Amino acid sequence: MIAIWYAVVSFMLIVYIVLDGRNFGAGMLQWFVARTPEERRQVIAAIGPLWTWHEVWLLGFGGTLIAIFPRLMASAFAGYYLALFLILWCLILRGISLEVGGHINDRLWQTYWDFIFVCSNFLLAILFGAAAGNVARGVPLNADGNFSMAFFTDFNVRGHVGLLDWYTVSIAILGVVMLAAHGATYLTLKTEGPVHDRSGKWAKYLWIAVVPLLAVVLIESRIVRPDLPGRAWSNPFWWIGLVVVATSAFTLLTGLTSGRELRAFVGSNFLIVGLLATGAAAIFPVMLHSTLAPENSLTAYDVASSSTTLLRASFWWPIGFALAVFYFVFISRRYAGRVSVQRDTQGYY
């Protein structure tokens, strides 16, 4: 049952990254694909209807993590305190820029909030990428299951590491480029005119850049964590993830080359899903790897709740999930078409 709950928690986080990641990417590219205030409003409108809903998956991930793996949550929140507050502030600033940027029809006001919007999305992509690097590399976990980290120490990947080193920075760069490519692919599907054309060009360039960056990160991962993939060879989800990566990469490539925007976007979504699922399967059952001593690492079995709590969660979680899926399908269909600029005194949309 613990393995199932690990898959559930991973699934919720992956869904959030895929859905909100396209918003991060579109936001980062706003000033590259949109050159006039009206075109920038078009990018905002492509993000606007669904951005708050996507963050529900992040909240659901946090709530499920507290219920299922409370010891992990206690250790991770204390250790990642600074990074988590940076993420929180970036999410707040992004939300404010989306909500208030269009309330005053003044170029200086809107340009300021556009700048905040671009910067907050860029920082969010960096922070989530660095977080993925920390999960893969490990943290300075002591024998009591506690750790703390500065932003950086000596940029080494062993011992008392910081949030940033040469490995986590590499994954952060990969994350920024991949989410930017994902966002550009999304904008080609949701926008029209010059914004659509520029987004299509950026999507091709960025996905090409992803290939060497991903190869570098895979080589670095082998150096940093030679124990991986370890048990993943016997994990069916790891193999399924590899199949998804290969299939979605082909789908994305054919979609981009043939101009089939929906096909490219589907491939973009599932490529990220496959990569993250493969990574999650590779590190299981370890949830926090210790860079001080491997025996200090925390596994899913070490940090899980009691069997009674897991059984209760097995009853309530499917109900909440069914409601979430129902509403997601409804609101996705409600805003399924392309967007045009609709600016009024109430905001961007």
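Predicted model: local features only at pLDDT ≥ 70, side-chain atom pairs only at ≥ 80, totals over all residues.
Residues are numbered from 1 along each chain as its sequence is written, and side-chain values use heavy atoms, with hydrogens and water left out.

The axes of α8 (residues 166-190) and α9 (residues 193-224) come within 7 Å and cross at roughly 155 degrees. Such axes are lines fitted to C-alpha atoms, for helices over the stretch in contact, and the angles run from 0 to 180 degrees between N-to-C directions. Helices (H or I, at least four residues) and strands (E, at least two) are DSSP runs, numbered from the N terminus. The crossing of α8 and α9 is left-handed, a term for a near helix turned anticlockwise from the far one by less than a right angle, with right-handed used if it is turned clockwise. In the contact of α8 with α9, the residues divide into 21 nonpolar, eight polar and one charged, where Ala, Val, Leu, Ile, Met, Phe, Trp, Tyr, Cys and Pro count as nonpolar, Asp, Glu, Lys and Arg as charged, and the others, Gly among them, as polar.

Helix α9 also meets helix α3 (residues 37-47), and here the axes come within 9 Å and cross at roughly 70 degrees. The helices α3 and α9 are therefore roughly perpendicular to each other, and their crossing is right-handed.

We can turn next to the aromatic rings. Rings of Phe, Tyr and Trp (its six-membered ring) pair if their centres lie within 6.5 Å, and planes under 30 degrees apart count as stacked, over 60 as edge-to-face and the rest as tilted. By this rule the count comes to 22 aromatic pairs. One of them is the stacked pair of F24 and F128, with 5.8 Å from centre to centre and 25 degrees between the planes. This pair links distant parts of the chain, since F24 belongs to helix α1 (residues 2-28) and F128 to helix α7 (residues 107-137), 104 residues apart. Both F24 and F128 are buried, a word that means under 20% relative accessible area, whereas exposed means over 50% and partly exposed lies in between (1.4 Å probe, protein chains only).

Y186 and F265 form a tilted pair, 5.5 Å centre to centre with 40 degrees between the planes. Because Y186 lies in helix α8 and F265 in helix α11 (residues 261-283), the pair ties together parts that are 79 residues apart in sequence. Y186 and F265 are both buried. Elsewhere, W5, F11, W57, W317 and F321 form one aromatic cluster.

The cysteines come next. A search of the whole structure finds zero disulfides (pairs of cysteine sulfur atoms within 2.5 Å). C90 is in no disulfide, and the nearest cysteine sulfur, that of C119, is 9.4 Å away. C90 is buried, with a relative accessible area of 7%, while C119, at 30% relative accessibility, counts as partly exposed.

Finally, two loop residues deserve a look. E295 lies in the loop between β1 (286-288) and β2 (298-299), and at 65% relative accessibility E295 counts as exposed. R231 has its place in the loop between α9 and α10 (236-258), and at 59% relative accessibility R231 also counts as exposed.

How values were computed
Parallel < 35°, antiparallel > 145°, perpendicular 65-115°, else oblique.
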